[in-house]
Amino acid sequence: MPAPGTRWPSMLEAIREELVELHRELPRHDLVVWTGGNVSARDPETGLVAIKPSGVRYEELTAASMVVVDLDGRIVEGTNKPSSDVASHCYIYRHRPDVNGVAHTHSRYATAFAAVGRSIPVYLTAQADEFGGEIPCAGFAMIGDEGIGAQVVEAIGSSPAVLLKNHGVFTVGPTARAAVKAAVMTEDVAATVWAALQIGQPDVLPDDVVARLHRRYTTEYGQ
Ligand SMILES: [Zn+2]
């Protein structure tokens, strides 16, 4: 553990600044209203987590307003109170060493599926590409302690996204940027599936097709 004032400040400064930029993606993609939703990032070097301050408007977020906590949610840096979901973010990081970013929204269409406790099967190639399987729906948990994190870890499996019954969406990724991208993609898939369900019953893509699409997308697609 480096002494305070050596390398923590610069490293965490970069993470805090990236978090401000990533938080702006949430209102930009219509995934949040007012102060709802939050993103956190774990610094792989120190294991510390930077997270949105509680109840601060997106346009007022600054690098300095972000709160840095340890994996038990104790404040290490920052003068603000962390997001009320901080204990759940920390629970996810403690149980998923592969995860360094977590995002949470109440985005409309995905949360409609969560409201009725319904997972989203793979009806679309875009979902096979991005998620490699269904977007599961976890059980209900109260806000404020790590109960939500426990539901997320239990239900999410290898998916980057999970719905939380009667609540909203949690996404995870190897970086905070990947978690935010998964939040955007979750809402996009949920909106299209919702529209499809208004005009008929879509077919679920077979598992082997989903696996092939996901493999192609994750190994061959892009530059
Ligand atoms: Zn919430």
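Reply: A definition before the strands: two strands pair if DSSP finds at least two bridges between them. Also, the model is predicted.

Me: Fine. How many bridges pair β1 with β5, and in which sense?

Reply: Four bridges, antiparallel; β5 covers residues 101-105. Within that pairing, N38 stands opposite H104 of β5.

Me: And how many bridges join β1 to β2?

Reply: Three, and these two strands also run antiparallel, with β2 at residues 49-51. R42 has V49 as its bridge partner in β2.

Me: What sits between β1 and β2?

Reply: Six residues, in a hairpin. G47 in the turn has a positive phi of about 80°.

Me: Is β1 buried or exposed?

Reply: Five of the five residues of β1 are buried, so the strand is largely enclosed by the rest of the structure. Both faces are covered: V39 and A41 are buried on one side, and N38, S40 and R42 on the other.

Me: What is V39 in contact with?

Reply: Setting aside neighbours within four places in sequence, the contacts of V39 include L19, L26, I51, V102, A103 and V180. H23, K52 and H89 are also in contact with V39.

Me: Which residues touch the most other members in the largest nonpolar core?

Reply: L19, L26, V39, A103 and V180, out of 24 residues in that core. The elements giving two or more residues to this core are α1 (8-28), β1 (38-42) and α6 (176-199). α1 gives the most, six residues.

Me: What about a second core?

Reply: There is a separate one of 19 residues, and V67, Y93, V99 and F170 are among them. In soluble globular proteins, nonpolar side chains tend to be buried together.

Me: Changing topic. What coordinates the zinc ion?

Reply: Three histidines do, through their NE2 atoms: H104, H106 and H167, at 2.0 to 2.1 Å. Along the chain the donors follow the spacing H-x1-H-x60-H.

Me: Where does T171 lie?

Reply: In strand β8, residues 168-173. T171 is buried, at 0% relative accessible area.

Me: Last topic, aromatics. How many aromatic pairs are there?

Reply: Two aromatic pairs. Y109 and W194 form a tilted one, 5.4 Å centre to centre with 55° between the planes. That pair links distant parts of the chain, with Y109 in helix α3 (residues 108-115) and W194 in helix α6, 85 residues apart.

Me: How accessible are Y109 and W194?

Reply: Y109 is partly exposed, with a relative accessible area of 30%. W194 counts as partly exposed too, at 37% relative accessibility.

Me: And the other pair?

Reply: Y217 and Y221 are stacked, 4.8 Å centre to centre with 25° between the planes.

Me: Are Y217 and Y221 buried or exposed?

Reply: Y217 counts as buried at 17% relative accessibility, whereas Y221 is exposed with a relative accessible area of 55%. The cut-offs are under 20% for buried and over 50% for exposed.

Definitions and conventions. Residues numbered from 1 in each chain as written. Predicted model: local features only at pLDDT ≥ 70, side-chain atom pairs only at ≥ 80, totals over all residues. Heavy atoms only, no water. Core = buried A, V, L, I, M, F, W, Y, C linked by side-chain atoms within 4.5 Å. Buried < 20%, exposed > 50% of the residue type's maximum accessible area, 1.4 Å probe, protein only. Contact = heavy atoms within 4.5 Å. Donors = N, O, S within 2.8 Å, 3.2 Å for Na, K, Ca; no water. Phe/Tyr/Trp six-rings, centres within 6.5 Å; stacked < 30°, edge-to-face > 60°.
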